[in-house]
Amino acid sequence: MNHAAKSQSTWEVGDWVIYRKQKRSTSPGPRAEEIHPDEHGEKYTYLVEKYWVVEDIVDGEHLKLVTKRGKRHEVPVTDPRLREPTWWEKWMLAKRFKEVEEVIV
């Protein structure tokens with residue numbers, strides 16, 4: 001699934017974003033994608049889509065993103081793992097994004 005990233009100037013506070021976070025563990029969950037075993041096969045590296053909300057735009061070059069548990073992450077607007085959800089994802093995943101919005105308030 002390849003989606004074009006939003007341009008740097010079009011992000012706004014309150015926007016919903018999907019961020020493909022890299023994780024590493026012994027047992028990837030059901031939402032894990034691009035799973036790769038370590039050299040000795042004890043752990044796996046993989047990506048998981050996270051559904052976050054833009055809390056702030058820092059210097060026009062970084063987005064401060066909030067998770068549903070209230071954690072904050074700052075990522076460059078040019079990060080290829082960052083993208084806007086499609087209209088279909090906005091509709092299907094609205095509950096997840098709204099849970100995050102409740103943390104911001």
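Author: Let us begin with exposure, where a residue is called buried under 20% relative accessible area, exposed over 50%, and partly exposed in between. Please keep in mind that this is a predicted model.

Reader: How do you know whether Trp-91 is buried or exposed?

Author: Its relative accessibility is 59%, and because the label exposed applies over 50%, Trp-91 counts as exposed. Trp-88, at 45%, is partly exposed.

Reader: Why is the pair of Trp-88 and Trp-91 called tilted?

Author: The structure holds 5 aromatic pairs, and in the pair of Trp-88 and Trp-91 the ring centres are 5.3 Å apart, with the planes at 40°. Rings pair if their centres lie within 6.5 Å, and planes under 30 degrees apart would be stacked while those over 60 would be edge-to-face, so an angle of 40° makes this pair tilted. The two residues are 3 residues apart in helix H1, which separates them by about one helical turn.

Reader: What makes the pair of Trp-16 and Phe-97 stacked?

Author: Their rings are 4.6 Å apart, centre to centre, with 10° between the planes, and because stacked requires planes under 30 degrees apart, the pair of Trp-16 and Phe-97 is stacked. Trp-16 lies in strand S1 and Phe-97 in helix H2 (residues 94-104), so the pair ties together parts that are 81 residues apart in sequence. Trp-16, at 17% relative accessibility, counts as buried, and Phe-97, at 0%, counts as buried as well.

Reader: Why is the contact of Glu-49 and Arg-20 called a salt bridge?

Author: The distance from N to O is 3.9 Å, and because the rule asks for a side-chain nitrogen of Lys or Arg within 4 Å of a carboxyl oxygen of Asp or Glu, the side chains of Glu-49 and Arg-20 meet in a salt bridge. Glu-49 lies in strand S3 (residues 44-58) and Arg-20 in strand S1 (residues 16-25), so the pair ties together parts that are 29 residues apart in sequence. Both residues are buried.

Definitions and conventions:
Residues numbered from 1 in each chain as written. Predicted model: local features only at pLDDT ≥ 70, side-chain atom pairs only at ≥ 80, totals over all residues. Heavy atoms only, no water. Helix = DSSP H or I, 4+ residues; strand = E, 2+ residues; numbered from the N terminus. Buried < 20%, exposed > 50% of the residue type's maximum accessible area, 1.4 Å probe, protein only. Phe/Tyr/Trp six-rings, centres within 6.5 Å; stacked < 30°, edge-to-face > 60°.
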